[in-house]
Amino acid sequence: WNNRSLKVEQLAPAVAGTFEEVERAGVDPVLFASGAYARERTQEVSRATGTSFETEGQEGNVTAGVAKEFPTGTRLEGGLTYDRSYSDRTPDQHDVRGFVSLTQALLRGRGTAVNMAAVEQAALEKQVSEEELRGFVLALVAQTELTAWDLAQAKRMADWVVRIEAG
C-alpha cells in the first residue's frame, strides 16, 4: 500500500459520505434549550408616606424542547417554558407552560421530493465517488499487470541476450 494516489482516492468516498450525513442532519430532530436570569435592585418612593425604600427582585426562565423537520416541509416543535419571579414586595410566582407549533411550508405544486433533493444528491455523489474509486483501483490493477508482463518480457530478453553472448 505504498501508492499515494490510491490512498488519496480511498478518502473520497468518506468525504462524500460526510456531506450526505450533513444533508440528512437537516431532517433529524433537534433539541433546544435556553435560559435567562436577572436580578434587580431599585429605589422607590412610597406614594402614601413619601419615604424612600429599596426593593429587590429576581426573574428567571428556562425553555426546552424538540423540533423536527419532515421531508414534506412540515416543521413540528414542542416544549416547556418555566418562569419564576420573586420580589421582596410580592409573593414568589411560578409559571409553567407547554407549547406546540406546526408549520407547513408552501410547496407550490413541487411535491415532497424538493425537500429531500439535497439529501438524495449527496447520496448520489457518494455512490459516484465509490464508483470512481472502483474504477481507479481497476485501472491501477491493469497498469500493475501490464508492468509485470513488461518486466517478465524484459527478463526473458535479458536471458536471451545473456545466452547469445555466452553462446
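Q: Hi! Is Arg-134 buried, partly exposed or exposed?
A: Arg-134 is partly exposed, because its relative accessible area is 47%. Here buried means under 20% relative accessible area and exposed means over 50%, with partly exposed in between (1.4 Å probe, protein chains only).

Q: Thanks! What kind of model is this, and how are residues numbered?
A: This is a predicted model, where local features need pLDDT of at least 70, side-chain atom pairs count only at pLDDT 80 or more, and totals for chains, interfaces and linings use all residues. Residues are numbered from 1 along each chain as its sequence is written, and side-chain values use heavy atoms, with hydrogens and water left out.

Q: Which element holds Arg-134?
A: Arg-134 lies in helix H2. Helices (H or I, at least four residues) and strands (E, at least two) are DSSP runs, numbered from the N terminus.

Q: How far is Arg-134 from His-94?
A: Their C-alpha atoms are separated by 63 Å, and the two residues are 40 apart along the chain.

Q: Let's zoom out. How many helices and strands are there?
A: The protein has two helices and four strands. Along the sequence, the pattern is α-β-β-β-β-α. The radius of gyration is 36 Å, well over the 15 Å that the globule rule gives for 167 residues, so the protein is more spread out than a compact globule. That radius is taken over C-alpha atoms, and the rule is 2.2 Å times the number of residues to the power 0.38.

Q: What box do the C-alpha atoms fill?
A: Roughly 130 × 45 × 20 Å, taken along the principal axes.

Q: And how much of the protein is buried?
A: Of the 167 residues, 16% count as buried.

Q: Which residues of H1 are buried?
A: In H1, those are Leu-6, Pro-13, Ala-16, Gly-17 and Glu-20. Helix H1 covers residues 4-25, so to speak 22 residues, and reaches 32 Å from its first C-alpha to its last, close to the 32 Å expected at 1.5 Å a residue. The expected span is 1.5 Å times one less than the number of residues.

Q: What does Phe-136 touch, leaving aside its neighbours in sequence?
A: Beyond neighbours within four places in sequence, Phe-136 is in contact (heavy atoms within 4.5 Å) with Ser-5, Leu-6 and Glu-9. The C-alpha atoms of Phe-136 and Glu-9 are separated by 7.7 Å, although the residues are 127 apart along the chain. Phe-136 belongs to helix H2 (residues 113-166), and is partly exposed at 24% relative accessible area.

Q: New topic: where is Thr-51 found?
A: Thr-51 sits in the loop between strand S1 (30-45) and strand S2 (52-69). Thr-51 is partly exposed, with a relative accessible area of 43%.

Q: Which residues does Thr-51 touch?
A: Not counting residues up to four places away in sequence, Thr-51 touches Glu-44, Val-45 and Ser-46.
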